[in-house]
Amino acid sequence: FDDRRRGASVRRFLPRLALALGALLAFAAFFALGTWQLERRAWKLDLIERIDQRVHAPAIDAPGPEHWSRVNRADDEYRRVRASGTFLHDRETLVQATTELGSGYWVLTPLRLSGGQVLLVNRGFVSPPQQKERLARRADEPAGEVTVTGLLRITEPHGALLRTNDPAADRWY
């Protein structure tokens with residue numbers, strides 16, 4: 001009779017133990033996620049503050065090749081810069097994207113500086129598929145020497161959700 005009682009007691013205890021361990025694991029996971037969200041919020045607020053300061057600062061000359069090795073995300077990303085040169089419209093690249101404006105393309109056009117260096121300038125977003133063709137946008141292309149002011153951006157790391165560029169098909173993501 002004692003063995004039956006002990007067996008029944010163990011059978012009632014094991015599910016409760018499993019439930020308690022599951023609840024403990026869930027609590028630990030939720031605690032870790034909450035901590036991560038708070039850290040991410042602090043990082044995001046710091047980023048927003050840095051961007052806001054840099055976007056409203058006076059524009060400085062874009063760094064030349066002698067400074068490129070020192071350009072970094074912490075000190076230079078979103079810094080307001082200006083550069084003068086001539087757009088190389090025949091070498092523009094369209095980068096497929098989806099934004100709040102819908103599906104379309106970022107128009108990236110090289111700007112040749114007087115010293116021969118080339119900067120890649122994001123000239124904006126075109127949405128309707130017919131705007132993809134350069135002939136449809138040709139009237140808006142600046143000609144000759146221009147001065148552009150914009151924000152310095154740093155290359156984004158590859159993410160798991162990004163598609164791979166396909167240069168042979170002229171598809172850039």
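User: Which backbone oxygen lies 2.8 Å from a polar atom of the side chain of His 89, and what makes this a polar contact?

Analyst: The backbone oxygen of Pro 142 lies at that distance from the side chain of His 89. A polar contact is a pair of N or O atoms within 3.5 Å, where within protein one must be able to donate a hydrogen and the other to accept it, and where residues adjacent in sequence count only if both atoms are side-chain atoms; the value of 2.8 Å is within the limit of 3.5 Å, so the pair counts. This is a predicted model, in which local features need pLDDT of at least 70 and side-chain atom pairs count only at pLDDT 80 or more, while totals for chains, interfaces and linings use all residues. Residues are numbered from 1 along each chain as its sequence is written, and side-chain values use heavy atoms, with hydrogens and water left out.

User: Why is His 89 called buried, and where does His 89 lie?

Analyst: Buried means under 20% relative accessible area, exposed means over 50%, and partly exposed covers what is in between, with a 1.4 Å probe and protein chains only; His 89 has 9%, so His 89 is buried. His 89 lies in the loop between strand 2 (80-87) and strand 3 (93-99), where strands are DSSP runs of E with at least two residues, helices are runs of H or I with at least four, and both are numbered from the N terminus. Contact means heavy atoms within 4.5 Å, and, leaving aside neighbours within four places in sequence, His 89 is in contact with Thr 109, Arg 123, Arg 134, Glu 141 and Pro 142.

User: How do you know that strand 4 pairs with strand 2, and which other strands are joined to strand 4?

Analyst: Two strands pair if DSSP finds at least two bridges between them, and 3 bridges join strand 2 to strand 4 (residues 102-113), which run antiparallel; one of the bridges has Phe 87 with Leu 111 as its partner. Strand 3 and strand 4 are antiparallel too, joined by 7 bridges, and a hairpin connects them through 2 residues. Another 7 bridges join strand 4 to strand 5 (residues 118-126), again antiparallel, and the hairpin of strand 4 and strand 5 has 4 residues between them, with Gly 116 in the turn at a positive phi of about 95 degrees.

User: What makes Phe 27 and Phe 31 a stacked pair, and how is the pair of Trp 106 and Phe 125 described?

Analyst: Rings of Phe, Tyr and Trp (its six-membered ring) pair if their centres lie within 6.5 Å, and planes under 30 degrees apart count as stacked, over 60 as edge-to-face and the rest as tilted. The whole structure has 2 aromatic pairs. Phe 27 and Phe 31 lie 6.3 Å centre to centre with 25 degrees between the planes, which is stacked. Trp 106 and Phe 125 lie 5.1 Å centre to centre with 65 degrees between the planes, which is edge-to-face. Phe 125, at 19% relative accessibility, counts as buried, whereas Trp 106, at 31%, is partly exposed.

User: How do you know that Arg 123 lies over the face of Phe 87?

Analyst: A charge sits over a ring if NZ of Lys or CZ of Arg is within 6 Å of the ring centre and within 35 degrees of the ring normal; Arg 123 lies over the face of Phe 87, at 5.4 Å from the ring centre.
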